[in-house]
Amino acid sequence: MFKKEINTAPKSKLKSSVQRSLRQSLLSTYPLLNPYMDEILPKKSSLEAMKLPDRCTLYVLDSQPLFFQHDTATVLPHLRLVHRFPDAFPSIRIDRGAIRFVLSGATLMAPGLTSAGGRLPSGVAAAEEGKEGLDEEERWTRELEKGEPVIVRAEGKTEACAVGFLVMGTKEVKEKGKGPVIEDAHYLGDGLWRLTTD
């Protein structure tokens, strides 16, 4: 999605009503953000929107990129925000072999998740309602559905390396073991990562 360099665009301040609706949308999509929401988006903050190519909008606060949105799709967190609050977003883990492909903008394929180093959700949270997060084996505790936003972590690395939407549910990935899992991700080193928002 952001493989090419992105030129800095002018920013426009968002009305407080738009900020409130964005805040509600974020809390419904990412319920684990609730404890951090006042830190991410303070109530009296001046959130700005930056229009990017391909009908994409980047939300910026004090020159810090927070979220981006393509058209009217679900709002996705910028990787800089994910690095500040890694446990607030659902995640999957790729094996070492898939890292270079993800960081070059390639589609994330199922074998990178189903191998020994990969981690797909365990699905145990369905039995224990409300207990969502990473378990001891670094597996997300809830199965993730097709179209859901997800963070991609890498084996042996502490920081997330990509964020995108699942094109196949994690249960289906386990059953099939092949095919694309995430397309058009925002990844470390892409145009959105390198964009200056000052």
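In what order do the strands of the antiparallel open sheet stand? I started my notebook with that, working from a predicted model.

**Entry 1: the antiparallel sheet**

I traced 5 strands in an open sheet, and the order came out as S1-S2-S3-S4-S5. The pairing is antiparallel. I then looked for the edges. They are strand S1 (11-13) and strand S5 (76-77), and each pairs on one side only. I reminded myself that strands of a sheet pair through backbone hydrogen bonds, either parallel or antiparallel.

Next I looked up the link between S4 and S5. I found 2 bridges joining these antiparallel strands. Phe 67 stands opposite Pro 77 in S5.

**Entry 2: Gln 69**

I stayed in S4, which covers residues 64-70, and picked Gln 69. Is Gln 69 buried or exposed? Gln 69 counts as buried because its relative accessibility is 15%, and the cut-off for buried is under 20%.

Then I checked its side chain. A polar contact of 2.9 Å joins the side chain of Gln 69 to that of Tyr 59. I also listed contacts, leaving aside neighbours within four places in sequence. Gln 69 touches Arg 55, Cys 56, Thr 57, Tyr 59, Thr 74 and Val 75.

**Entry 3: helix H1**

I moved on to helix H1, residues 16-29. H1 has 14 residues and reaches 20 Å from its first C-alpha to its last. That is close to the 20 Å expected at 1.5 Å a residue.

Which residues of H1 are buried? I found Gln 19, Leu 22, Arg 23 and Leu 26. They lie on the same side of H1, because they cover an arc of only 105° around the axis. The face turned away from that buried side carries the exposed residues Arg 20, Gln 24 and Ser 28. I looked for what covers the buried residues of H1. The cover includes helix H2 (37-40), strand S3 (56-61) and S4.

I took a second look at Gln 19 in helix H1. Gln 19 counts as buried because its relative accessibility is 13%. Leaving aside neighbours within four places in sequence, I found Gln 19 in contact with Leu 14, Ser 45, Ser 46 and Leu 47.

For contrast, I looked up Lys 4, in the segment before S1. Lys 4 has a relative accessible area of 69% and is exposed.

**Entry 4: the cysteines**

How many disulfides are there in the whole structure? My search gave 0. I noted that a disulfide is a covalent bond between the sulfur atoms of two cysteines.

I checked Cys 56. The nearest cysteine sulfur is that of Cys 161, and it is 19 Å away. The cut-off for a disulfide is within 2.5 Å. Cys 56 counts as buried, at 2% relative accessibility. Cys 161 is in no disulfide either. Cys 161 also counts as buried, at 4% relative accessibility.

**Entry 5: the mixed sheet**

I then traced another open sheet of 5 strands. Its order is S6-S8-S9-S10-S7, and its pairing is mixed. S6 and strand S7 (108-109) stand at the edges. Each has a single partner strand, so one side of each is left without a neighbour in the sheet.

S6 and strand S8 (residues 149-154) run parallel and are joined by 4 bridges. Ile 151 in S8 is the bridge partner of Ser 91.

Which way do the residues of S6 (residues 91-94) point? Ser 91 and Arg 93 point one way, Ile 92 and Ile 94 the other way, and all are buried. I recalled that in a regular strand the side chains alternate between the two faces of the sheet.

**Entry 6: Ala 162**

My last stop was Ala 162 in strand S9 (residues 160-166). Ala 162 counts as buried because its relative accessibility is 1%. Leaving aside neighbours within four places in sequence, its contacts include Leu 79, Val 102, Val 150, Ile 151 and Ala 185. Ala 162 and Gly 147 are 15 residues apart in sequence and 16 Å apart in space, C-alpha to C-alpha.

Conventions
Residues numbered from 1 in each chain as written. Predicted model: local features only at pLDDT ≥ 70, side-chain atom pairs only at ≥ 80, totals over all residues. Heavy atoms only, no water. Buried < 20%, exposed > 50% of the residue type's maximum accessible area, 1.4 Å probe, protein only. Polar contact = N/O pair within 3.5 Å; in protein donor to acceptor, adjacent residues only side chain to side chain. Contact = heavy atoms within 4.5 Å. Expected span 1.5 Å × (residues − 1). Arc of directions from axis to C-beta. Pairing = 2+ DSSP bridges.
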